[in-house]
Amino acid sequence: LLMEGIEDIVQDANKLGQYQRQVSKHQQQVQQYTHKRQQENAQRAQRGEDPLPEEDATKLFKPPQCPSRLESLLLGRQVDGYCREVHQFASQSFAKLFLAKALQET
């Protein structure tokens, strides 16, 4: 169960990385569009034409959808619970082991 939880967390981390790449790509598209529009307006101004109307580039390019953070939080808490159980079991086992070793030495 612990390994499955960790694998799920890794998958969520990969989804987050993919989302960050998509956001970066989206921002780059918006910047390229804005820069291209500014260049076109500069050329039109040199020719004596009216500039193109300013448009909100963020409305033209759909931003990527953010992955669910609730699922990541729940998976993290689940793995934390598994780790606490392992810690508790291991602590009891080590305590018994050290006690047995001390009794053998005496």
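**View 1. The buried residues of helix H1.** In H1, the buried positions are Gly-5, Asp-12, Gly-17, His-26, Val-30, Tyr-33, Arg-37 and Asn-41. Buried here means under 20% relative accessible area, exposed means over 50%, and partly exposed is in between, with a 1.4 Å probe and protein chains only. Helix H2 (57-60) and H3 are among what covers these residues of H1. This is a predicted model, so to speak of local features we need pLDDT of at least 70, side-chain atom pairs count only at pLDDT 80 or more, and totals for chains, interfaces and linings use all residues. Residues are numbered from 1 along each chain as its sequence is written, and side-chain values use heavy atoms, with hydrogens and water left out.

**View 2. The whole chain, for orientation.** The protein chain has three helices and zero strands, in the order α-α-α along the sequence. Helices (H or I, at least four residues) and strands (E, at least two) are DSSP runs, numbered from the N terminus. The C-alpha atoms fill a box of roughly 100 × 25 × 15 Å along the principal axes. The radius of gyration is 29 Å, whereas a compact globule of 106 residues would have one near 13 Å; the value is taken over C-alpha atoms, and the globule rule is 2.2 Å times the number of residues to the power 0.38.

**View 3. H1 from end to end.** The end C-alpha atoms of H1 sit 68 Å apart, which agrees with the 68 Å that its 46 residues should span at 1.5 Å a residue. That expected span is 1.5 Å times one less than the number of residues in the helix. Just after H1 comes Gly-48, with a positive phi of about 85°.

**View 4. Asn-41 and its surroundings.** Asn-41 belongs to H1 and counts as buried because its relative accessibility is 11%. Setting aside neighbours within four places in sequence, Asn-41 is in contact with Pro-51, Leu-52 and Glu-54, where contact means heavy atoms within 4.5 Å. Leu-16 is 25 residues from Asn-41 in sequence and 37 Å from it in space, C-alpha to C-alpha.

**View 5. Helix H3 and its buried residues.** H3 (residues 69-105) has 37 residues and reaches 53 Å from its first C-alpha to its last, close to the expected 54 Å. Leu-75, Val-79 and Tyr-82 are buried in H3, and what covers the buried residues of H3 includes H1 (2-47). An α-helix has 3.6 residues a turn, so residues three or four places apart point the same way.

View 6. Leu-75 is found in H3 and is buried, with a relative accessible area of 11%. Beyond its neighbours within four places in sequence, Leu-75 is in contact with Asp-8, Ile-9 and Asp-12. Phe-61 is 14 residues from Leu-75 along the chain, and their C-alpha atoms are separated by 32 Å.
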